[in-house]
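Hi everyone, thanks for coming.

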Amino acid sequence: DDDDDDDDTERSSERPRSSSSRVKEGKMIVRVRSNAGTWRVEVPAGPATTIAELKAIIEAQFQVPAEHQRLAADPAGARPLEATGSLGSLGLGAPGAMVHLRHADPVASLPVGTASGGHRSAENPHKPLSVGGTLRRKIGPDGSIVAEAYEDHTTKRGFREGMPALRDLKKSWTLSDFLVMDDQYNFKIKRQEKAFCAGVSLDTATCFSFQHYVQQLGWRQGRCGVLYGTWDDDEKTVRVECSYEPPQVGDDKGARPLDDDFDDDDDDGGMEDDTAAPQESAAVAASNNGTNDASSMKKTRDTVERVAAALGLRPVGFIFAHPPRERGFVFSGAEALRAATQQLRAADGIDETPFVTVKVTLDAETNESNFEAYQVSKQCMAMAAEGALAPDDDDLAACAVHPTFTAIVEGKRATTVNTNFFLCNVPVQQHASAVFSGAAFPKENRLIPQTRDDLKRVLAGVGPGGGGDDAKLVAALADFSLILFLASFPQIFDHHAFLPALCALVAYRAA
């Protein structure tokens, strides 16, 4: 296109080609992972696009018939996507959302000759289209008829691995057209000079509770949580007031939330499997009334968001702890991708956001807990949105580059990128929250579950019945985890009257 000829062809952190302006216009990129690799599919209607419309776009661009497509939200296909549902309603409205494609194998289901002759291109009737995982049949060296897989065909003939051949895109190309199109898959890795966030202030009680629990585990397991607070758009600073620790499993490599909404990356976050830390997993299930299914966790997540909003708070960061590592190993590939995904969600695209990721670990020299805050660069956000990065199993401190893309690191082509290239340090301060009193109510989803006895202990001696006054009662209830515990009994503490009134009283304390 003429407009593209004027664009700078160098991909950099200052100006990625997948710009946020595209998101703001309503269009967005959806990543479709198939057996042929990860495809970038632009949907003009953005989150309003239905699954049926997405299938039609995939059929038009990649010649996979819609009737053979099986789209799901997870790699195993256990959560199929209804054709009438929109991307937004199915939780896939964020730019770079991942959809998993499975399709029927025509070799097993169609008569001989159907796969190679039953579907033809309208422009070229002699060229068979790709159906499912098989592109065409061919004659082997021994004279036998064999099926050629789509991924084998694109590896040999695609202009990049996992991409169609140039002639499949259009009939004629100029060198300028090709260079502009091909440059969309090139990234020249550059460090970002400074973070978007100018600083983060952490609540002291929240920090102490988090690091103390990891210390009780002997720093042998990872732990993570969502930070809630406020941010100042003018000063570009974040103030953290509390945290929520979702159901999760952890091991010596890190932690992974069981709730998919807190773990957008398809990788397992360094975890070997969901059986890691079985004792903690059992305790988490007990603290959630024995249920860790998707429906229950979504209800809990919605409740957490509503309570935070009623308190005037919003998600402002993500916190995770890990066992001590060697010097220079700051973020794993999975941790960097999780930070990029959450910044994309907070910014609603590839744009600046104060959302921070706080890392907690043990300093081997001082034997003290160390809190550090980071953001990933805009270039990392762009590469994550494009599906260009994945955790590297061989080097945990790096991200592997998808074969479809090219990364240039310090003037050389690289198949992996160290996560330090993407990280920007954010200054950290501490404060005592004016919203919450720092009451000693147990945190959610830990080894020892919350009980009603904990509530009795916190409320002992306060309120009209205990000889106290209303101010002391509100102060005792001014604890985020305690309010969430009350919200778990909606038949007693009404979500439409009691909880909003309680949150208003707690928020008024800080006014």
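How many residues does helix α12 have, and how far does it reach from its first C-alpha to its last? Find residues 333–347: that's α12, with 15 residues and a reach of 21 Å. At 1.5 Å a residue you'd expect 21 Å, and the helix comes close to that. Before I go on, do keep in mind that this is a predicted model.

Now, is α12 out in the open or enclosed? Largely enclosed by the rest of the structure, because 13 of its 15 residues are buried. Step just past the helix and you reach Asp348, which takes a positive phi of about 55°.

So what does α12 lie across? Two strands, β16 and β17, and the helix runs at about 135° to β16. Let's look at those strands. They belong to an open sheet of three, in the order β16-β17-β20, with antiparallel pairing. The edges are β16, residues 389–391, and β20, residues 416–418, and each of these pairs on one side only. From one strand to the next, the twist averages 35°.

Zoom in on β16 and β17, which is residues 398–401: their antiparallel pairing runs over three bridges. Take Pro391, whose bridge partner in β17 is Cys399.

And that cysteine brings me to the next topic. A quick reminder: a disulfide is a covalent bond between the sulfur atoms of two cysteines. Is Cys399 buried or exposed? Its relative accessibility is 0%, so Cys399 counts as buried. Cys224 is another one to click on: its relative accessible area is 1%, and because the cut-off for buried is under 20%, Cys224 is buried too.

Last stop: a pair of helices. Two packed helices are described by the angle between their axes and the distance between the axes. Here the pair is α15, residues 470–477, and α17, residues 498–509. Their axes come within 10 Å and cross at roughly 100°, and α15 and α17 are therefore roughly perpendicular to each other. Which residues make the contact? On the α15 side, Val474, Ala475 and Leu477, and on the α17 side, Leu502, Leu505, Val506 and Arg509.

Notes:
Residues numbered from 1 in each chain as written. Predicted model: local features only at pLDDT ≥ 70, side-chain atom pairs only at ≥ 80, totals over all residues. Heavy atoms only, no water. Helix = DSSP H or I, 4+ residues; strand = E, 2+ residues; numbered from the N terminus. Expected span 1.5 Å × (residues − 1). Buried < 20%, exposed > 50% of the residue type's maximum accessible area, 1.4 Å probe, protein only. Pairing = 2+ DSSP bridges. Axes fitted to C-alpha atoms, helices over the stretch in contact; angles between N-to-C directions. Contact = heavy atoms within 4.5 Å. Parallel < 35°, antiparallel > 145°, perpendicular 65-115°, else oblique.
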